[in-house]
Amino acid sequence: MNKLYIVSCGTGGTNYITPEAKEALGSCEVVVSYSKYARELSSLIEGKEIHTSGMTHEVQRCTSAVEFASQGRTTCIISNGDSNVYGIASVIVEIIDEKDLWDKVDLVSLPGITALLAAAAKVGAPLSQDFATISLSERQNNFELIDKRIKAALEADFILGIYNPKSKKRIIGYKNFLEALRSYEERIAIIASHMGREDKESITITTAKELIENGLENPLITMSTLIIIGNTQTRLTKNGKILTPRGCAN
């Protein structure tokens, strides 16, 4: 069958891409990608037929990738992080299903290392208990639902990963998030930006209280930032790392 690979390239750069993903990129004829990701992976897709576009054109890219694969051309479409974590996997599956192309396209989705996992690995062990991830982007959900999920996760004592916190114009979700944190000011917070991109990557360990105090103008918070809020058991280690005990010692 005609193969379409959804290649999850990891959180950024080439440090977090898996051998399986590299093999898929090497075997394909056509690469479809957001322009930024194609530039970062240029050394891995050299010589391929490459089709790129900018932000907000995800559906167009996914449709093109399905069409190329339907024509019998082995195709890779690139997704940042993991394609199932706020990525393009659902769009691809939906297009193939709507067009009933399951007998024509062999879809292979390859997992990737997300910003949440990459950041957690660098600061210690903050995710050792149950955790939730929530995007503050209203492109997928309305603010009422986003706010409901944030409040529920905090109240249930989940470790919380926040994606897409704010941009210059999109601040409502982050404003509401800071308001929800007011009852949890003592919790440890991790601010991780541009994970995997060595020239830009930064990680700051702080508290929910300091996040609230820095407000909407916090220069560390952008759409390229991931925020991790610890639960009631998350603490600093003696050398300044983050630990959420799993409870094995008990």
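**Entry 1: aromatic pairs**

Two rings of Phe, Tyr or Trp pair if their centres lie within 6.5 Å. I kept that cut-off beside me while I worked on this predicted model. How many aromatic pairs does a search of the whole structure find? It finds three. I noted two of them.

I took Tyr-34 and Tyr-37 to begin with. Their ring centres are 4.9 Å apart. Their planes stand at 85°, so I wrote the pair down as edge-to-face. Are these residues buried or exposed? Tyr-34 is buried, with a relative accessible area of 17%. Tyr-37 is buried as well, and its value is also 17%.

I then turned to Tyr-86 and Tyr-163. The ring centres of Tyr-86 and Tyr-163 are 5.1 Å apart. Their planes meet at 55°, so this pair is tilted. Where do the two partners sit in the chain? Tyr-86 lies in the loop between strand E4 (75-79) and helix H4 (89-98). Tyr-163 belongs to strand E8 (residues 159-163). The two are 77 residues apart, so I marked the pair as a link between distant parts of the chain. Tyr-86 is partly exposed at 41%, whereas Tyr-163 is buried at 12%.

**Entry 2: cysteines**

I went looking for disulfides. A disulfide is a covalent bond between the sulfur atoms of two cysteines. The search of the whole structure gave zero.

Cys-28 is buried, at 3% relative accessibility.

Cys-62 has a relative accessible area of 0%, so I listed it as buried.

**Entry 3: cavities**

I asked how many cavities of 30 Å³ or more there are. The count came to one. The volume of the largest cavity is about 40 Å³.

Which residues line the largest cavity? Among them I found Leu-136, Ser-137, Glu-138 and Phe-143. The lining also includes Asn-164, Pro-165 and Lys-166. Further on in the chain, Arg-170, Ile-171, Ile-172, Gly-173 and Met-223 take part. I sorted the lining by type: six residues are nonpolar, three are polar and three are charged.

Methods: Residues are numbered from 1 along each chain as its sequence is written. This is a predicted model: local features need pLDDT of at least 70, side-chain atom pairs count only at pLDDT 80 or more; totals for chains, interfaces and linings use all residues. Side-chain values use heavy atoms; hydrogens and water are left out. A disulfide is a pair of cysteine sulfur atoms within 2.5 Å. Buried means under 20% relative accessible area, exposed over 50%, partly exposed in between (1.4 Å probe, protein chains only). Rings of Phe, Tyr and Trp (its six-membered ring) pair if their centres lie within 6.5 Å; planes under 30 degrees apart count as stacked, over 60 as edge-to-face and the rest as tilted. Helices (H or I, at least four residues) and strands (E, at least two) are DSSP runs, numbered from the N terminus. On a 1 Å grid over the protein atoms alone, a cavity is a set of points where a 1.4 Å probe fits but cannot get out, and a pocket is an open set with protein on both sides within 12 Å along at least five of seven lines; lining residues have an atom within 4 Å of a point. Grid points are joined across faces, edges and corners, and a volume is the space filled by probe spheres set on the points. Ala, Val, Leu, Ile, Met, Phe, Trp, Tyr, Cys and Pro count as nonpolar, Asp, Glu, Lys and Arg as charged, and the others, Gly among them, as polar.
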